[in-house]
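Welcome to this tour! Open your viewer, switch to a cartoon view, and get ready to select residues as we go.

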Amino acid sequence: MLGLEGKVIFVSGGNRGIGAAIVNLLEEMGAKVAYNYRSGKGEKGTGYVANVTDPEEMTQLMAQIEQDLGPIYGVVCNAGITRDALATKLTTSDWNEVVDTNLTGVWNTIQPNLAGMYERKEGSVVLVSSIVGERGNIGQINYAATKGAVIAMAKTLAQEGARYKVRANVVAPGFIETDMTKPIPEPVKEKIYAQIPMRRFGKPEEIAWAVVYMLSPVASSFVTGHVLSVNGGHYM
Ligand SMILES: NC(=O)c1ccc[n+]([C@@H]2O[C@H](COP(=O)([O-])OP(=O)(O)OC[C@H]3O[C@@H](n4cnc5c(N)ncnc54)[C@H](O)[C@@H]3O)[C@@H](O)[C@H]2O)c1
C-alpha cells in the first residue's frame with residue numbers, strides 16, 4: 001500500500017529507541033531494512049556495528065548493504081546523542097562529540113548514497129531532528145545547534161535532489177520515551193508534561209509512523225523540504 005515493499009532502507013542507530021521502532025515498522029511494511037549502531041547488541045540479523053562519525057566506515061557499510069540487499073532507496077538519519085550542559089559550562093570536547101555524531105554523522109550517512117540515488121532517479125532521505133532544533137532548550141546548545149542544522153541540510157537536499165526525484169524531509173520529535181530521556185528526573189518530567197498539551201511523552205512508534213510516511217513514494221510523493229513535528233502539541 002505504501003510502496004515500500006521490497007525497498008532497501010537504511011536506518012542509523014536502529015538497535016534501540018526510536019530507531020528500533022522505525023526498523024520494526026518498516027519491516028512490517030515489507031521493506032528490506034538495514035541499520036547500524038555504535039556498540040552493544042543488535043536485535044536482529046540485519047544490524048551492523050559502524051560509527052557514523054567515521055566517513056570511511058560509513059562508505060564501506062553502504063557498499064556492503066547494497067551488496068547484501070540491493071540498491072538503497074531510503075536513508076533515515078536517526079543516530080544521535082546528547083551531552084548536556086549550560087553554555088557557560090559546556091566543554092569543547094562535549095561540543096565536538098555532539099557535532100561529530102548528530103551533524104557530521106548525518107553527512108557521513110547520506111553522502112555515500114546520493115550519487116546512486118540521483119542516478120537511479122528515486123529515493124527518500126529522512127533526517128531525525130528534534131523539537132529542540134526548532135525552539136532551543138536550556139542546557140542543550142550543542143544538541144540544539146545540530147538539530148537545527150539538519151533542518152537546513154534537508155531543505156538544501158530537497159532543492160538539489162528534486163530534479164533527480166529524490167526527496168528530503170525532517171521528522172522533529174518532541175519528548176519521547178527512550179533511553180535518551182530516561183535520565184530526566186521525575187520532578188523535571190512533571191514540569192515538561194505540564195508544557196505539553198497532550199500531557200505525556202510520545203512513544204517511539206509514534207515517530208516511526210511519521211518517518212514511514214516521509215519514506216513512502218505513495219503517501220508523501222509531493223512532500224519535500226518539509227519538517228513534520230510530532231510532539232503532542234508542544235510548540236512553546
Ligand atoms: N528521545 C527523545 O525524546 C528524542 C526527542 C527528539 C529527537 N530525538 C532524536 O531521535 C534520535 C533517536 O533518539 P533515541 O531517543 O532513540 O536515542 P537512543 O539513545 O535510545 O538511541 C540512539 C541510537 O543512536 C546510535 N548512535 C549514537 N551514536 C552513534 C554513533 N556514533 N554511530 C552509530 N550509531 C550511534 C545508538 O547506537 C542508538 O542506536 C536521535 O537523533 C535523537 O536526537 C529523540
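Which residues does T82 touch, not counting residues up to four places away in sequence? Select T82 and look around: T82 touches Q140, Y143 and M180. Touching here means contact, with C-beta atoms, placed from the backbone, within 7 Å.

Before moving on, a word about what is on your screen. This is a predicted model, in which local features need pLDDT of at least 70 and side-chain atom pairs count only at pLDDT 80 or more, while totals for chains, interfaces and linings use all residues. Residues are numbered from 1 along each chain as its sequence is written.

**Stop 1: around T82**

Keep T82 selected. T82 sits in the loop between β4 (72–77) and α3. Helices (H or I, at least four residues) and strands (E, at least two) are DSSP runs, numbered from the N terminus. T82 is partly exposed, because 19 other C-beta atoms lie within 10 Å. For this label, a residue is buried with 20 or more other C-beta atoms within 10 Å of its own, exposed with 12 or fewer, and partly exposed in between, with C-beta atoms placed from the backbone.

**Stop 2: the whole chain**

Zoom out. You can count seven helices and seven strands, in the order β-α-β-β-α-β-α-β-α-α-β-α-α-β along the sequence. The C-alpha atoms fill a box of roughly 50 × 35 × 35 Å along the principal axes. Of the 236 residues, 42% are buried.

**Stop 3: I9 and its strand**

Is I9 buried or exposed? I9 counts as buried because it has 28 C-beta neighbours inside 10 Å. I9 lies in strand β1 (residues 8–12). Its contacts, leaving out residues up to four places away in sequence, are L26, A31, V33, Y73, G74, V76 and L215.

**Stop 4: strand β4**

Select β4 next. Six of its six residues are buried, so β4 is largely enclosed by the rest of the structure. β4 pairs with β1 in the parallel sense over four bridges, and with β5 (123–128) in the parallel sense over four bridges too. Two strands count as paired if DSSP finds at least two bridges between them. To see the pairing, show V8 opposite I72 in β4, then V75 opposite V125 in β5.

**Stop 5: helix α1**

Now select α1 (17–28). Its buried residues include G17, I18, A21, I22 and L26. The buried residues of α1 pack against β1, β2, β4, β5, β6 (166–173) and α7 (204–215). Just after α1, find G30, which takes a positive phi of about 90°.

**Stop 6: the ligand**

Finish at the ligand. Of the 28 residues around the ligand, G13, G17, G80, T178 and M180 come nearest. Being near means having a C-beta atom, placed from the backbone, within 6 Å of the molecule or strand in question. The elements giving two or more residues to this shell are α1, β2 (32–37) and α3 (92–120). Helix α1 gives the largest share, three residues.

How values were computed:
Contact = placed C-beta atoms within 7 Å.
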